[in-house]
Every structure is written in structure tokens, then in C-alpha cells.
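Visitor: Please take me through one part in detail. I would like a close look at the salt bridges, and then at a helix they involve.

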Amino acid sequence: GFAQKTARQEIVFQRVIANVFGGQKSQIIGGLEATGHIPNELNDELATQKLQPVIEAIYHTAFEDAIPSKAIKQLDEFARTWILHRSLALAKFINLTTLAAIRQELAQGFEAGESIRQLTKRIEGYFETNAKSRARMISRTETIAASNAGAVDRYRQEGIQQKEWFAAMDERTRETHAAAN
């Protein structure tokens, strides 16, 4: 069902997020080693290019699954715009959050008098410690967002205005969602 499908999509999304983090790590450590400073910003466009295909795939799957027997299969301009904006907003959010955390790590390192080599190890430690949990949290949130947006878009195109709540009814289901089921 829905929960199994989104769980598989979350795993794919986590791999993409891990790749984004790998790019961030390279940009940050490369800047630190080359100039003694981290970049003021990370490459949002590069992150967007990595995120957009997985967001689009999830959106499109939910769009088709919402009403599988209907002939509409193409995503319209509304969908393409949503996917692009969501991908870019997510890229910017991930990059800003990472930079803020790295700046905090570096401030602690500078205060402790660490060398560039030690600061680099500190940054690597940040990614090793936080990447997996952040990837899991981001992928879960964004998988559901893209899936819901795709389904709602399909309903909109079909003129369906009524909604019914279906909770996954697993260990992650909130009480309020279970009650609405």
C-alpha cells in the first residue's frame, strides 16, 4: 500500500540527500583547505539538480496512482512549477542549515585554536554524525509532501473536491491521524 511505497521512495530520497551532503562536504572542505575559509554559500543549483528528479518521480507516481484508470498521464505547467520550486526551496534550506551548523562547529574549533587540518576533521565529523539522521528526516518529510502534492494535483485536474483521510496505521501514525482514518 501507500506506506510501503513511500517507505521505498524515502530510501531512494535518502540516497539523493546523502549525495547532496557529499557535495556540500566537498565544497566546504575544498574552500577551507584552499583559502582557509568556508564558502559564503553552497551551490543551490547543483543541489536542485540532484533533488528535482526524485521529487518529480514521487510526485508523478502519486499523480498517476491517485486515479489510475484515467487517461491523463502528463504533468502540466502547475506540476512542473511546483516540482521546480520545491526542489529549489529544499536545496536552499538544506544548504543554509548545513552552513549554519558548520559555522557553529568552526567557531568552536577557532575558539579551541584548532589548525586547518583539525577544522577539516571537525567538519568531516559533523557530516558523519548528522548526515544519516538529517537525510532520514528530510526524505520522510519531502516524500510525503511530493506524494500529497501529486495526488492533490490529480484530484484538482479531475475536479474532485472532497477528501478522505487514510492513515498508514503503523507505529509512526499520530493519534489525530488515526482518529481521522
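Guide: Eleven salt bridges are counted here, a salt bridge being a side-chain nitrogen of Lys or Arg within 4 Å of a carboxyl oxygen of Asp or Glu. This is a predicted model, where local features need pLDDT of at least 70 and side-chain atom pairs count only at pLDDT 80 or more, while totals for chains, interfaces and linings use all residues. Residues are numbered from 1 along each chain as its sequence is written, and side-chain values use heavy atoms, with hydrogens and water left out.

Start with E142 and R86. Their side chains form a salt bridge, 2.7 Å from N to O. E142 sits in helix α4 (residues 116–158) and R86 in helix α3 (residues 77–111), so this pair ties together parts that are 56 residues apart in sequence. Helices here are DSSP runs of H or I with at least four residues, numbered from the N terminus. E142 is buried, at 8% relative accessible area. R86 is partly exposed, at 28%. Buried means under 20% relative accessible area, exposed over 50%, and partly exposed in between, with a 1.4 Å probe and protein chains only.

Next, E114 and R122. This salt bridge spans 2.8 Å, N to O. E114 is partly exposed, with a relative accessible area of 21%.

Now stay within α4. R156 pairs with D153 in a salt bridge, with their closest N and O atoms 2.4 Å apart. Both residues belong to helix α4 and are three residues apart, about one turn of the helix. R156 is partly exposed at 40% relative accessible area. D153 is buried at 1%. Elsewhere, salt bridges with shared partners join E10, R140, D170 and R172 into one network.

Helix α4 also packs against helix α2 (residues 44–66). Their axes are 7 Å apart, at an angle of about 40 degrees. Axes are lines fitted to C-alpha atoms, for helices over the stretch in contact, and angles run from 0 to 180 degrees between N-to-C directions. The two helices are therefore oblique to each other. Angles under 35 degrees count as roughly parallel, over 145 as roughly antiparallel, 65 to 115 as roughly perpendicular, and the rest as oblique.

Which residues make the contact? On α2 they include I55, Y59 and F63, and on α4 they include A146, G150 and D153. Contact means heavy atoms within 4.5 Å.
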